[in-house]
Amino acid sequence: MSLSQDDVKRIAALARIEIDDAQAQATQTQLNTIFDLIAAMQAVDTGGIAPMAHAQEVFQRLRDDAVTETDRHAVFQAIAPAVENGLYLVPKVIE
Amino acid sequence: MPDTSLSALAAQLAARQVSSRELAQTYLDRIAALNPAINAFITVDAEKTLAEAAAADALIAAGNAGPLTGVPIAHKDIFCTDGWLTTCGSKMLSNFVAPYDAHVIQRFKAAGMPSLGKTNMDEFAMGSSNETSFFGAVKNPWNPAYVPGGSSGGAAACVAARMAPAATGTDTGGSIRQPAALCGITGLKPTYGLVSRFGMIAFASSLDQAGPMAPSAEDCALLLNVMTGFDPNDSTSLERDKEDYTRDLQKPLAGLRVGLPKEFFAEGLNSEVAAAVDAAVNELKKLGATTVEISLANSKLAIPVYYVLAPAEASSNLSRFDGVRYGYRAPEYADLNDMYAKTRAQGFGAEVKRRILIGTYVLSHGYYDAYYLQAQKIRRLIADDFAEAFKACDVILGPTAPGTAFKLGEKSDDPVEMYLNDLYTIPANLAGLPGMSLPCGFDAQGLPIGLQLVGNYFSEAKMLNVAHQYQRATDWHARRPEGLQ
């Protein structure tokens, strides 16, 4: 398997990372080297093996449906790039 | 002062031979003198440190001190620390003052241990040399032309240079153990789930685990007593009875069965490292241990598996950095999507972007089964190998890293070459097992060599017992770099 420069640009768009042609070219070479390393995995027969998502067999805990957090929005919004009237500001999405 | 163990520092504080403020000032002076050359700290705030030390002195005066109250510690800059800059080594968080404490920080505060500052690290803990930090590379205190390892490179370097008596680190694929090895200190990655990940900036959530870094195993045992414990804020935190990790330190090693994985002593291992590890095995035999050859046949697949799973989890975790709620935002953009794309292009460094792209790709439509699912299946094979091995031995021993520290810049242009540093450390993360590194010698250039122990789940007390008995019989862990007196 080998990634093309268009593949790299498509992945970068999915990941919301701006990339120009020169960067895409350099990245393409590096990613292909890394995927060559990863390719060793494909030869392994894993038929009948259950995938392991986690080190411990843990289950989501349930707790009482009670308020446990206090309102700290002023503290959290104090470090935001742009805030107005208690709302996070982003560029206009809908005309 | 700089060579004093945590238990001796605690005893001096209890006996009022020194105050916490005096102790903190001693280390702050050492940081001021040595850090410009080593770059182990991103943030030092003497005023905050001394205020925390004064509070510790008040606890001691009131008779409310715990075992380590007043002993200062440095924290990896991955832990959110209320009111402190918390950068994770990234431009993305270069302006982020955390509005709350990570659970680990809460525990050290509750124990009355003042923070000496925030240590440098590879950006978002992605690296094995500490060269990917936005705040510049950390230098190895044993030779400043060499890397300290990573990602907890600042933590390892500050302990090696005795700028702090101990430090916290995190380990996703070896980020506590590999820098501990390269800097000649002791570091332990606990069983997954023992230490809460709450407030620890996430890299790969199914692998990330915090742990202690200090000169000796005894120090690490004391720190582990502080760090571990159930936290309802982490859905993977384990509900277990509290353990005293110092309880077995003094036990003799007679009857200990040490497993030697043949795959860890094969091609690719530096001969000086192999010789030092062999000498350590002989030392343990003198102390009553026996050895047994074991096989971790699938461990050779650990790097490929890791470089699918960790980037996949990272690509998801790092999607939160979008320039909206905190951290960096690009100064100019056309619209919302452009703001995301420019913010992330400018805020992340090259290695972080590489891993996000790998992760995005392996999770994308049509590739999930071939990469992500296949990697998860081989992860189980790797964990099963360990389960089989622990039927024949109590602890697994091998090298921590295939070589000693390498020169700054030597591997930074070759990601794959860099990844191979974690060949022996990654398997324990994939299985969720505890692992530790301790010093076992030096190479011809005077650079430290690390010995790795991997234990079964929840066998930290046993591993610390083995390490402590080894450190009673040897003095590798007590050495420190010349020229940094």
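**View 1. Chain A and its secondary structure in the predicted model.** In this predicted model, the secondary structure of chain A amounts to 3 helices and 2 strands, and the elements follow one another from the N terminus in the order α-α-α-β-β. Along the principal axes, the C-alpha atoms of chain A occupy a box of roughly 55 × 45 × 25 Å. The radius of gyration of chain A is 23 Å, whereas a compact globule of 95 residues would have one near 12 Å. Of the 95 residues in chain A, 15% are buried.

**View 2. The contact between chain B and chain A.** Chain B contributes 52 residues to this contact and chain A contributes 40 residues. On the side of chain B that touches chain A, the elements giving two or more residues are α9 (302–317), α10 (336–347), α11 (350–362), α12 (369–389) and α13 (415–419) of chain B. Among these, α12(B) gives the most, with 10 residues. By class, the residues on this side of chain B comprise 31 nonpolar, 11 polar and 10 charged.

View 3. The buried residues of α7(B) include B:Asp219, B:Leu222, B:Leu223, B:Asn225, B:Val226 and B:Met227, and the elements against which the buried residues of the helix pack are α1 (6–14), α4 (103–110), β5, β6 (209–214), β10 and α15 of chain B. After α7(B) comes B:Gly229, which has a positive phi near 145°.

**View 4. The packing of helices α7 and α15 of chain B.** Two packed helices are described by the angle between their axes and the distance between the axes. Here the axes of α7 (residues 217–227) and α15 (residues 460–473) of chain B come within 8 Å and cross at roughly 155°, which means that α7(B) is roughly antiparallel to α15(B). From α7(B), the residues B:Ala217, B:Glu218, B:Cys220, B:Ala221 and B:Leu224 meet B:Glu460, B:Leu464, B:Ala467, B:His468 and B:Gln471 in α15(B). Sorted by class, this contact of α7(B) with α15(B) has 6 nonpolar, 2 polar and 2 charged residues.

**View 5. Strand β10 of chain B and the strands paired with it.** Strand β10 (residues 435–442) of chain B is mostly covered, with 7 of its 8 residues buried. Strand β5 (residues 186–189) of chain B pairs with β10(B) in the antiparallel sense over 3 bridges, and B:Gly435 in β10(B) is the bridge partner of B:Lys189. Strand β11 (residues 448–455) of chain B also pairs with β10(B) in the antiparallel sense, over 7 bridges, and here B:Met436 stands opposite B:Leu453 in β11(B). The hairpin of β10(B) and β11(B) has 5 residues between the strands, and in this hairpin B:Gly446 takes a positive phi near 80°.

**View 6. B:Ala15 in the loop between α1 and α2 of chain B.** B:Ala15 lies in the loop that runs between α1 and α2 (20–38) of chain B. B:Ala15 has 8 C-beta neighbours inside 10 Å and therefore counts as exposed, the cut-off for an exposed residue being 12 or fewer. Although B:Ala15 and B:Ile60 are 45 residues apart in sequence, their C-alpha atoms are 9.9 Å apart in space.

Notes
Residues are numbered from 1 along each chain as its sequence is written. Chains are lettered from A and ligands numbered from 1 in the order in which they are written. This is a predicted model: local features need pLDDT of at least 70, side-chain atom pairs count only at pLDDT 80 or more; totals for chains, interfaces and linings use all residues. Axes are lines fitted to C-alpha atoms, for helices over the stretch in contact, and angles run from 0 to 180 degrees between N-to-C directions. Helices (H or I, at least four residues) and strands (E, at least two) are DSSP runs, numbered from the N terminus. Angles under 35 degrees count as roughly parallel, over 145 as roughly antiparallel, 65 to 115 as roughly perpendicular and the rest as oblique. Two residues are in contact if their C-beta atoms, placed from the backbone, lie within 7 Å. Ala, Val, Leu, Ile, Met, Phe, Trp, Tyr, Cys and Pro count as nonpolar, Asp, Glu, Lys and Arg as charged, and the others, Gly among them, as polar. The radius of gyration is taken over C-alpha atoms; the globule rule is 2.2 Å times the number of residues to the power 0.38. A residue is buried if 20 or more other C-beta atoms lie within 10 Å of its own, exposed if 12 or fewer, and partly exposed in between; C-beta atoms are placed from the backbone. Two strands pair if DSSP finds at least two bridges between them.
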